[in-house]
Structure formats: structure tokens, C-alpha cells
Number of protein chains: 2
Amino acid sequence: MATGRNHRPATRSRGIPEATVARLPLYLRALTALSERSVPTVSSEELATAAGVNSAKLRKDFSYLGSYGTRGVGYDVEYLVYQISRELGLTQDWPVVIVGIGNLGAALANYGGFASRGFRVAALIDADSSMTGKQVAGIAVQHVDDLETIIDTNGVSIGVITTPGGAAQQVCDRLVAAGVTSILNFAPTVLTVPEGVDVRKVDLSIELQILAFHEQRKAAEELAQEPPSAAGLPAASEGRRGDQGPDGDIPAVMPA
Amino acid sequence: MATGRNHRPATRSRGIPEATVARLPLYLRALTALSERSVPTVSSEELATAAGVNSAKLRKDFSYLGSYGTRGVGYDVEYLVYQISRELGLTQDWPVVIVGIGNLGAALANYGGFASRGFRVAALIDADSSMTGKQVAGIAVQHVDDLETIIDTNGVSIGVITTPGGAAQQVCDRLVAAGVTSILNFAPTVLTVPEGVDVRKVDLSIELQILAFHEQRKAAEELAQEPPSAAGLPAASEGRRGDQGPDGDIPAVMPA
DNA sequence: CCATCTTTGTGCACGCGTTCACAAAGACAT
DNA sequence: ATGTCTTTGTGAACGCGTGCACAAAGATGG
């Protein structure tokens with residue numbers, strides 16, 4: 001995603017593989033839970049199951065950060081929490097703006113998981129004038145006209161876009177021009193940004209479509225395994241699928 | 001993310017690589033846009049830029065579905081829309097339940113991108129009795145006590161969890177027991193499910209943490225390259241420059 | 001101090017996904 | 001028909017991520 005031009009070959013940021021970075025927050029959450037239960041140390045095996053990953057993978061991930069474990073014992077929970085937090089940059093304050101205060105924007109504004117991890121909602125911005133001044137999650141919504149000023153005075157470098165698809169690119173451009181260098185995009189649009197700006201995309205409908213694919217596949221498999229019971233229409237159309245259908249193609253069939 | 005035991009070995013569902021499946025919805029969206037503009041055919045190069053990917057990758061992706069293009073011309077838009085829709089199982093109706101009608105649940109219920117792609121919100125479910133009967137997105141919220149009945153009578157196989165983290169596993173268990181085999185989880189929890197159930201996770205705070213990591217890295221690099229000038233506030237970046245942003249794109253959204 | 005036991009850290013092999021680069025296929029003009 | 005031009009489809013190479021399996025490191029007990 002991101003730029004319209006092609007990207008570099010899966011950059012390894014400072015030696016830490018992207019895949020590992022993506023898992024660090026997962027470990028952090030599991031560790032935080034342990035910390036709250038005052039558990040002093042944890043083995044790679046335990047932590048791995050808590051985070052839902054393979055223990056070898058976890059150890060390798062940690063090895064990129066340095067050697068923070070003790071053989072025969074495990075990892076010191078508090079120390080690891082600190083190290084991962086530091087690595088992810090969560091020891092500092094990240095002011096964030098949310099643009100587009102519909103249901104989703106409001107949901108994010110209310111989401112507790114942010115504040116607890118160094119993210120502070122600095123401002124809520126919407127294009128609808130009738131929203132301006134309204135309180136959402138205890139914060140007054142501001143008008144999009146003031147976007148640049150807001151970014152500037154708050155030193156915001158991370159922006160969240162929850163506008164309709166049509167407005168996203170335009171908002172993105174303004175955010176970037178105002179100095180934002182990281183964008184979390186919830187709009188169903190491919191954003192084009194200049195070099196040096198990071199974009200991450202969360203697309204609700206895409207996730208569902210991927211699930212549907214697997215769901216369909218499961219249904220088809222089940223049907224195929226089933227004995228010659230009356231599976232829907234018995235007689236069956238003659239050789240359907242005239243030309244297309246990559247070979248062993250099982251047409252769509254609904255389960256449930 | 002499922003834990004029970006590990007899942008099929010990164011299964012290539014029916015020969016189509018996971019990575020490709022994850023991109024199909026992206027292509028579909030771009031194609032739909034073209035279709036609405038009555039564009040008859042499109043080349044791999046054009047479609048690739050519209051979808052934000054590499055053209056070679058796109059062609060290879062399509063090659064898994066079969067040979068639907070015409071050399072020297074490109075792909076027939078309408079035909080491709082149909083083929084991908086069919087492949088993803090979007091030609092059929094998928095009833096979906098959303099459990100946990102807070103801000104996020106409401107946002108999803110209102111999200112237009114669902115209905116247009118074969119997904120139908122069959123029911124909204126919440127544990128709070130005072131919510132029961134309330135209309136959200138034109139649908140009456142039902143109580144979680146009736147969860148099993150709702151799943152059963154509507155033939156639901158896909159569930160969306162937007163509850164607080166604490167309730168997620170419990171809800172998940174009930175959904176699965178009632179017959180749901182695909183779950184989209186927005187709660188910040190690692191779900192454990194039996195074999196054969198797919199879970200995809202969307203974690204808002206994880207996405208932000210990944211952005212923070214890269215943001216911090218960019219700031220650090222800039223600082224390192226900068227002459228010993230006072231670099232002001234760490235967060236408020238200023239000097240835009242043609243550096244490289246990481247783009248190896250590993251979504252925090254994981255397959256089960 | 002030595003033996004044993006636990007758990008980390010990592011070398012290695014394997015497989016998936018990406019990308020390049022090009023031959024084959026078809027369109028189109030002459 | 002024949003030649004030229006465009007664009008697909010794919011063989012092959014490469015790089016990243018994963019997981020196994022084990023040696024090294026430290027804890028613990030006698």
C-alpha cells in the first residue's frame with residue numbers, strides 16, 4: 001500500500017524484521033497482564049502460548065532486541081516490558097489526531113487501549129460544521145479548516161483517517177503537508193503518499209471477504225467428503241462450468 | 001488467534017496462496033470502481049497501480065485463478081469482477097452477527113461496505129439488557145441470552161466480536177458451540193478456538209504501536225544525520241526528506 | 001566442585017512469496 | 001499472410017520468515 005510507486009524490498013528497520021515488530025505489541029500485552037498479576041519471570045514457552053505464537057519464534061524475536069533472558073529461568077517480566085516499550089517508542093507521548101468523527105471515529109476516540117500505551121488523542125476533526133464543538137469522548141470536535149493549525153501546535157506526527165472513502169486522499173494530503181508522517185487509514189481507499197510517510201491500512205470489509213473465502217472453502221470440502229447423500233439438487237445440471245473454472249472447480253454452494 | 005493446536009501448515013487453500021487471497025478483495029474494489037465507470041478492459045499495469053501493488057504480482061495472482069486475460073489487450077473488467085467475486089464466495093449471501101454493540105459494534109453495523117458485498121447483518125447482540133430492543137442501524141439489538149437461537153435460525157457461520165476484551169473468549173466459545181466457524185475479532189484478546197474454526201484479528205492499538213515504532217525510528221535517524229544542531233521536540237518532525245520509509249507490509253491482522 | 005536439569009539463544013534447512021525477465025499469444029495493420 | 005506491437009502468463013532466482021533441534025549457559029542440589 002502506500003505510494004503509487006514501488007517500494008523497497010521489505011526493509012528491515014534497524015535490523016529488526018518487520019514481522020517481529022508486528023508481534024512485539026502482542027508480547028507486550030501478554031507481559032503487561034503478567035505484570036499486573038505480579039508474576040516475576042516467565043519462560044518463553046509460557047509467554048508464547050499467552051501470545052498465541054510458537055516459542056522458538058518468540059525467542060528469536062527477542063534475540064533481535066538483545067539477550068534479556070536467563071537460561072534455566074526465563075525472562076524478567078518487568079524488564080522485558082520496559083525493553084519492548086522502549087523499542088516500540090511507547091515510553092514517549094504520541095499525540096494523535098482522528099479525522100472523521102462518525103461511528104468509527106467516535107469508537108476510536110473512546111477506545112481505552114490508546115491512552116494506556118502512550119497515545120494521546122490530541123484532537124478530533126470533522127468536516128461537518130454541525131459537529132464542531134460537540135464533545136466526543138470528552139474532547140471537543142474541531143473543524144477540518146483548522147487541521148493544519150492543530151497539527152502544528154500539537155506537534156502531531158500520527159494521524160488516523162476514519163472519513164468516508166471519497167475524502168480520504170484529500171485529508172491524507174493535508175495531513176502529510178502539515179507534517180504528519182504516519183497514517184492509520186480506515187477508509188476503503190488506496191492512499192498515495194510521498195516517500196518517507198508510513199501508511200497502515202485497516203479494512204473491515206476486506207477481512208470479512210477473506211473469512212468468506214475460507215468459509216466457502218470449508219463448505220465445499222465438507223460437501224465433497226460427504227457420502228453421496230442428497231446434497232442439494234440430485235440430478236444436477238449437465239457439465240456446467242463450460243470453459244472457465246480452473247480444473248477441479250467446485251461451484252459455490254451454501255452451507256447452513 | 002487460535003491456539004489449541006497449530007493449524008494446517010500454512011495451508012494453501014485449494015492451490016491459492018494466502019497472500020493472494022488477501023489481495024483479491026483489493027483487486028475487486030478497484031475493478032468495481034472501473035466497472036462503475038463503464039471501463040471495458042484494463043491492463044495489469046493499470047489495475048496494479050489502482051490497487052497499489054506490483055503488476056507482476058497481480059498477474060501471478062490472477063494466474064492462480066486461471067487465465068482470464070487477453071494478451072495484447074488486458075482483462076475484461078466485468079468478467080474479472082465476476083470471477084473474483086465467485087472465488088471469494090461473494091456471490092452468495094453471508095449472514096453475520098455482531099456481538100457487542102458499543103461504539104465499534106455500531107460503527108460496523110452502519111458500515112456500508114458490507115451489504116454491497118454479500119454480507120448481511122443478521123443480528124446485533126449485546127449483553128447489556130438496557131440495550132435490548134434498541135434500534136441500531138435499523139436493526140433491533142437482541143440479548144446475548146438468545147445467541148444460540150439467533151445463530152441457529154439464521155444459519156449464521158460468521159461472527160464479529162466487538163466486546164470488551166474480558167468477554168471475548170466467552171462469547172467466542174458460545175459462537176463456536178452454536179455453529180459459527182469464522183470469527184472476526186476486534187477485542188484485544190488472543191482467542192482459543194478448536195480446529196477448523198478461522199479467526200482473524202483486528203487490533204487497533206497494535207497498528208498504532210507499529211506506526212510508533214517506525215515513527216521513532218525515523219526521528220532517531222533524522223537526529224543522527226542532522227548536524228549537532230538542537231533538534232527540538234522529538235515528536236514534532238519538520239524536515240521532510242527523501243528518506244525511505246519501511247514498506248514491507250506485514251499486517252497485524254492474522255489468519256488463524 | 002561436579003552432576004544434573006532447565007531454558008535460552010541460534011545455526012540451519014525449508015517453504016512461501018516476490019520480483020525479474022522473457023517467450024508465447026493474440027490484436028491490428030498492411 | 002505476414003510482420004509488428006502490446007500485454008499476458010510463467011520459469012527461475014532470490015530473500016524473508018518459520019520451525020527444528022541442539023549446544024551453551026546458568027540454576028540447583030549433593
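A phosphate oxygen of DNA strand C sits 3.4 Å from an N or O atom in the side chain of K57(B), and that makes a polar contact, meaning a pair of N or O atoms within 3.5 Å (within protein, one must be able to donate a hydrogen and the other to accept it, and residues adjacent in sequence count only if both atoms are side-chain atoms). Keep in mind that this is a predicted model, where local features need pLDDT of at least 70 and side-chain atom pairs count only at pLDDT 80 or more, while totals for chains, interfaces and linings use all residues. Side-chain values use heavy atoms, with hydrogens and water left out, residues are numbered from 1 along each chain as its sequence is written, and chains are lettered from A and ligands numbered from 1 in the order in which they are written.

**Around DNA strand C**

- The elements that give two or more residues to the surface near this strand are α3 (55–65), β2 (69–70) and β3 (74–76) of chain A, together with α1 (18–36) and α3 (55–65) of chain B. Helices (H or I, at least four residues) and strands (E, at least two) are DSSP runs, numbered from the N terminus.
- α3(B) gives the most to that surface, with 4 residues.
- K60(B) has a polar side-chain atom 3.1 Å from a base oxygen of DNA strand C, while a polar backbone atom of G69(A) is 3.2 Å from a phosphate oxygen of DNA strand C.
- In total, 27 residues surround DNA strand C, and S44(A), R59(A), Y75(A), R23(B) and R71(B) are the closest. To count as near, a residue needs one of its heavy atoms within 4 Å of the strand.
- Sugar and phosphate make up 65% of the atoms of DNA strand C that come within 4 Å of the protein.
- By class, the surface near DNA strand C has 7 nonpolar, 10 polar and 10 charged residues. Here Ala, Val, Leu, Ile, Met, Phe, Trp, Tyr, Cys and Pro are nonpolar, Asp, Glu, Lys and Arg are charged, and the others, Gly among them, are polar.

**Around DNA strand D**

- DNA strand D is surrounded by 27 residues, the closest being K57(A), K60(A), R71(A), S44(B) and Y75(B).
- Y75(B) puts a polar side-chain atom 2.6 Å from a phosphate oxygen of DNA strand D, and R23(A) has one 2.9 Å from a phosphate oxygen of DNA strand D.
- For R59(B), a polar side-chain atom lies 2.8 Å from a base nitrogen of DNA strand D.
- α3(A) gives the most to the surface near DNA strand D, with 4 residues.
- That surface splits into 8 nonpolar, 9 polar and 10 charged residues.

**Helix α6 of chain B**

- In α6 (residues 147–154), L147(B), I150(B) and I151(B) are buried. Buried means under 20% relative accessible area, exposed over 50%, and partly exposed in between (1.4 Å probe, protein chains only).
- Looking down the axis of α6(B), the buried residues fall within an arc of 95°, so they line one face of the helix. The arc is that of the directions from the helix axis to the C-beta atoms.
- D152(B) and T153(B) are exposed on the other side of α6(B).
- The buried residues of α6(B) pack against β4 (94–99), β5 (119–126), β7 (139–143) and α7 (165–178) of chain B, with contact meaning heavy atoms within 4.5 Å.
- Just after α6(B) comes G155(B), with a positive phi of about 60°.

**Chain A overall**

- Chain A has 8 helices and 10 strands.
- Of its 256 residues, 52% count as buried.
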